[in-house]
Amino acid sequence: MEQYIIKGGKPLVGDVAIGGAKNAALGILAGAIMTDETVVIDNLPNVRDTNTMLAAIQDIGGIVERDGKDPHVVKVNGANINPERVYIDYDYIKKIRASYYLLGALLGKYKKAKVALPGGCNIGSRPIDQHKKGFEALGARVKIEHGMICAEADELVGNHIYFDVVSVGATINTMFAACLAKGKTTLENTAKEPHIVDVANFLNSMGANIKGAGTDLIRIRGVEKLHSSDYSIIPDQIEAGTFMLMAAATRGDVRVNNVIPKHLDALSAKLEEIGARVDEFDDAVRVRVDGRLGHTHVKTLPYPGFPTDMQPQFATLLSVSSGSSIVTESIWENRYKYVGELSRMGANINIEGNTAIINGVEGLTGAAVTVPDLRAGAALVLAGLMAEGYTVVDQIEYIERGYESFEAKLNLLGAHIEKIQFADDKAVQRFKLRVS
Ligand code: EPU
């Protein structure tokens, strides 16, 4: 098991380049099997979750070819998938829930699919009733048996679907099935996240007819089949936001490149509100801080609201800001697991239901901490970067699910962070010597 060791207290300064959006990539990779022609995907983040999705695609007979020179380019061909054996194993679902996107993609293409049913995970119970509602409205019979979710249809026929809950996953999954259904589908109360738009743009580049993605009403006219495409994934707004907060937390000056600044508006506004300076460029944002930041109230909401995937990192920044802040998590019921770890570093945070009451302390001190989930992991690294002394972050495989070359990018900004096999005394000593 690998760990990060961090010596905190160094302001991050310089430029960082953001990779492709993990959550868009997971949808796009699943969508790529919906044609028998070869699809080329560029700007693919080379992280654990996208690699698991590629392995799941190979497991059902899809052909995946990595570009030998650039790990961010992949060719996917779904022609050899055997429709009689479209079965996504629990092993994949356990690693990434998003392998359920293959359910919508396979149902659309072959009119049947079987995917292991995802259970809850570290951040919440994560129901899939809205996915089921979407498939059933299009005419699929959906059964849950022996731990599998099985969807089958003689034909899929367009319909009007009003989602009871705004769900990224259900919007994407239903969009997959609907774009190869007969006739027109309208999806209402849909999620508006940038990756919904990216998946829709990708499907349109394959010949689908989807309009309105990015609003809460998506209109889809079913087509007979999809064709090849050469598509580049949008930048990852959460990776970008994480670096923006790390710049602010260390009172640094970082230009975050290869981003779509509009996607970062909710975060930029909050940062400015508490005293950071944020400058926007065409495809970059620069974050500068030179004193202690202030307090605020923030509530996570579906896009364009403040993203739940930035909540742990932002709350961690607020833990050393002046005054009292209040953070309300309205998407996932279990997203404060990192708070216990932060308390061990000196933070003063009380959790009441879905609300965190944060009393800003002067500073954190380094400690050994354990990562409970992906974004909480980024938050604990952020805590380590601003803490006095040394922090060892355990279970970093969660972080590697969504952040590519995390420590390399941070080192380029001047951070002292290293990935080590075992944080035993010798390894810690070597690191201390190197950074002293
Ligand atoms: N929900 C239902 N029924 C459903 C589906 C969702 O009640 O059938 C509820 C959930 O319980 C939750 C809310 O709706 O309270 C939103 O869930 P959503 O379906 O939007 O989440 P998701 O698609 O499972 C994606 C991201 C998450 C991100 C959320 C919210 C991917 C692969 N995952 O999850 O990303 O937190 O949207 O923005 O796109 C991460 O990257 O760290 C991560 C967890």
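Helix α2 buries Asp-49, Thr-50, Thr-52, Met-53, Leu-54, Ala-56 and Ile-57. The model described here is predicted.

**Helix α2**

- The helix runs over residues 48–59 and comprises 12 residues.
- From the first C-alpha of α2 to the last, the span is 16 Å, close to the 16 Å expected at 1.5 Å a residue.
- In an α-helix, residues three or four places apart point the same way, because there are 3.6 residues a turn.
- Among the buried residues of α2 are Asp-49, Met-53 and Ile-57.
- Gly-61 follows α2 and has a positive phi, near 105°.

**The shell around the ligand**

**Polar contacts and cover of the ligand**

- The side chain of Ser-167 places an N or O atom 2.6 Å from an oxygen atom of the ligand.
- Lys-22 has a polar side-chain atom 3.0 Å from a ligand oxygen atom.
- For Asn-23, the distance from a polar side-chain atom to an oxygen atom of the ligand is 3.1 Å.
- On its own, the ligand has 830 Å² of accessible area, and the protein covers 87% of that area.

Technical notes. Residues numbered from 1 in each chain as written. Predicted model: local features only at pLDDT ≥ 70, side-chain atom pairs only at ≥ 80, totals over all residues. Heavy atoms only, no water. Polar contact = N/O pair within 3.5 Å; in protein donor to acceptor, adjacent residues only side chain to side chain. Areas by Shrake-Rupley, 256 points an atom, 1.4 Å probe, with all protein chains shown as cover. Helix = DSSP H or I, 4+ residues; strand = E, 2+ residues; numbered from the N terminus. Expected span 1.5 Å × (residues − 1). Buried < 20%, exposed > 50% of the residue type's maximum accessible area, 1.4 Å probe, protein only.
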